[in-house]
Amino acid sequence: MRTVPTEQPGTRRADRATPLSALGQVPWSDIRDSTGSAAAVPLLLYKVASRDARTARAALDDLRGRICQYGFVVEQATAAAVPFLWELAQLPGVTCRPQIIQLLRSIAAARQWESLAAVYPKLLNHRENPVVWERRARQAVRSRRGALPALLADRDRELAAATAELADALSD
């Protein structure tokens, strides 16, 4: 199993010339999402950044199914996608920012694999360990919580409300 880099690319927007420019630093085709190869994740993230609300929402729904299936089952590619979701949530031109924050909240709350491993410890012995994926994904969300104050203060009430829910989930 190839591991996803734990160092998150582009921790500051000032480090990038354009949004999502660090997507190429992630070996997407070598890691998995719920459909198999995560090679489609970068294109979906670009579509989420679309100014067309319908395109963005459809891409986010597809991405959600790939990296946080059913709203609580994370995949190997989830932790790698999280910094880009945070980046998109902070860009005022992105049309589905509240939904991105809700996805981050779902990822932060995901404990499906840990709960299953508590009952079935042999899961931890598998070559591909989804408990590790889950923990890395939660840590990736937590590592960017410094963005919360600005998002909480945003004029978009739906975004601020979703951010408050994420902040509550991260305080647990």
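The largest nonpolar core, where a nonpolar core is a set of buried Ala, Val, Leu, Ile, Met, Phe, Trp, Tyr and Cys residues joined through side-chain atoms within 4.5 Å, has 48 residues, and those with the most contacts inside it are Trp28, Leu85, Trp86, Ile100 and Ile107. Helices H1 (41-48), H2 (53-67), H3 (78-89), H4 (97-109), H6 (130-142), H7 (148-152) and H8 (157-171) each supply at least two residues of this core, and H3 gives the most, with 9 residues. Buried means under 20% relative accessible area, exposed means over 50%, and partly exposed lies in between (1.4 Å probe, protein chains only). In soluble globular proteins, nonpolar side chains tend to be buried together.

This is a predicted model, in which local features need pLDDT of at least 70 and side-chain atom pairs count only at pLDDT 80 or more, while totals for chains, interfaces and linings use all residues. Residues are numbered from 1 along each chain as its sequence is written, and side-chain values use heavy atoms, with hydrogens and water left out.

The protein chain has 8 helices and 4 strands, which are DSSP runs numbered from the N terminus (helices are H or I with at least four residues, strands are E with at least two). From the N terminus on, its elements follow the order β-β-α-α-β-β-α-α-α-α-α-α. Of the 172 residues of the protein chain, 47% count as buried. Contact means heavy atoms within 4.5 Å, and among contacts in the protein chain between residues at least 6 apart in sequence, 66% join residues at least 24 apart.

Helix H3 deserves a careful look. Because 12 of the 12 residues of H3 are buried, this helix is largely enclosed by the rest of the structure. One of these buried residues is Leu85, which touches Leu45, Leu60, Leu63, Ile67, Ile100, Leu103, Leu104 and Ile107, not counting residues up to four places away in sequence.

| Helix | Residues | End-to-end C-alpha distance | Expected span |
|---|---|---|---|
| H3 | 12 residues | 16 Å | 16 Å |

The axes of H3 and H6, which are lines fitted to C-alpha atoms over the stretch in contact, with angles from 0 to 180 degrees between N-to-C directions, come within 8 Å and cross at roughly 15°. H3 and H6 are therefore roughly parallel to each other, a description that applies to angles under 35 degrees. Thr78, Ala79, Val82 and Trp86 of H3 make this contact with Arg136, Ala137, Ala140 and Val141 of H6.

A second pair is formed by H4 and H8, which pack at an angle of about 10° with their axes 8 Å apart, and these two helices are therefore also roughly parallel to each other. Among the H4 residues that meet H8 is Gln99. With a relative accessible area of 9%, Gln99 is buried, and, leaving aside its neighbours within four places in sequence, Gln99 is in contact with Arg57, Leu60, Arg64 and Glu158.

Val26 lies in the segment before strand S1 (32-33), and at 9% relative accessibility Val26 counts as buried. Val26 touches Ile31, Ala80 and Phe84, not counting residues up to four places away in sequence. The C-alpha atoms of Val26 and Ala77 are separated by 9.6 Å, although these residues are 51 residues apart along the chain.

Key
Parallel < 35°, antiparallel > 145°, perpendicular 65-115°, else oblique. Expected span 1.5 Å × (residues − 1).
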